Amino acid sequence: MKYMIMLYGSQQDYDVLSGKPGDQQPWKDEDVAAMHAFMEKWNNDLVESGEFVDAQGLSAPVHARRIELRDGVPVVTDGPYPETQEVLAGYTIVECESFDRATEIAARLAGTPHPKDTELAHEWYVDVRPIMEGFGDLEA
């Protein structure tokens, strides 16, 4: 079974990681490098176990566009969206034996390093969801 592990962030998170000044102190280069090394090891462990399918990070919310219909006409809004605090920042797809195993894999992300003196803008979490293989998977 395939599962998607979804990581979330905010525009503020992207700004802090990229070194933009703001409400929080930007991360130092060594802190960003430690986070990237952790994520690389996490991904490589999944490749070695044969559970890795795909992973991608997404660009900052400022580069997003939301399209919705209003009276049957598409309306495009450029991001970031002030009403949205958190957005999908990236994902990993794994193929493993069970939902419990996918949860175990995702839980390792709780150890993602960040600067000791940094206050997180929000509680850290990831979502894990099975990927539908057919319409029968729509049932709750």
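**Terms and their grounds**

Q: What makes residues of helix α1 count as buried, and which are they?
A: In helix α1 (residues 11-18), the buried residues are Gln 11, Tyr 14 and Val 16. Buried means under 20% relative accessible area, exposed over 50%, and partly exposed in between (1.4 Å probe, protein chains only). The cover over the buried residues of α1 includes β5 (87-95).

Q: On what basis are these values given?
A: The model is predicted: local features need pLDDT of at least 70, side-chain atom pairs count only at pLDDT 80 or more, and totals for chains, interfaces and linings use all residues. Residues are numbered from 1 along each chain as its sequence is written, and side-chain values use heavy atoms, with hydrogens and water left out.

Q: What makes a stretch of the chain a helix or a strand, and how many of each are there?
A: Helices (H or I, at least four residues) and strands (E, at least two) are DSSP runs, numbered from the N terminus. By this rule the protein chain has three helices and six strands. Their order from the N terminus is β-α-α-β-β-β-β-α-β.

Q: How do you know what span is expected of helix α2 (residues 29-49)?
A: The expected span is 1.5 Å times one less than the number of residues. Helix α2 has 21 residues and reaches 30 Å from its first C-alpha to its last, close to the 30 Å expected.

Q: Why are the buried residues of α2 said to lie on the same side?
A: The buried residues of α2 are Val 32, Met 35, Met 39, Trp 42 and Leu 46. They cover an arc of only 90° around the axis, which puts them on the same side of α2; the arc is that of the directions from the helix axis to the C-beta atoms. An α-helix has 3.6 residues a turn, so residues three or four places apart point the same way. The face turned away from the buried side of α2 carries the exposed residues Asp 29, Glu 30, Glu 40 and Glu 48.

Q: What makes β2 and β6 edge strands?
A: Two strands pair if DSSP finds at least two bridges between them. Four strands form an open, antiparallel sheet in the order β2-β5-β1-β6. Strands β2 (52-57) and β6 (126-130) each pair on one side only, and are therefore the edge strands.

Q: How do you know that β1 and β6 pair?
A: Strand β1 (residues 2-9) and β6 are joined in the antiparallel sense over five bridges, and the definition asks for at least two. In one of these strands, β6, Val 128 is the bridge partner of Ile 5.

Key
Contact = heavy atoms within 4.5 Å.
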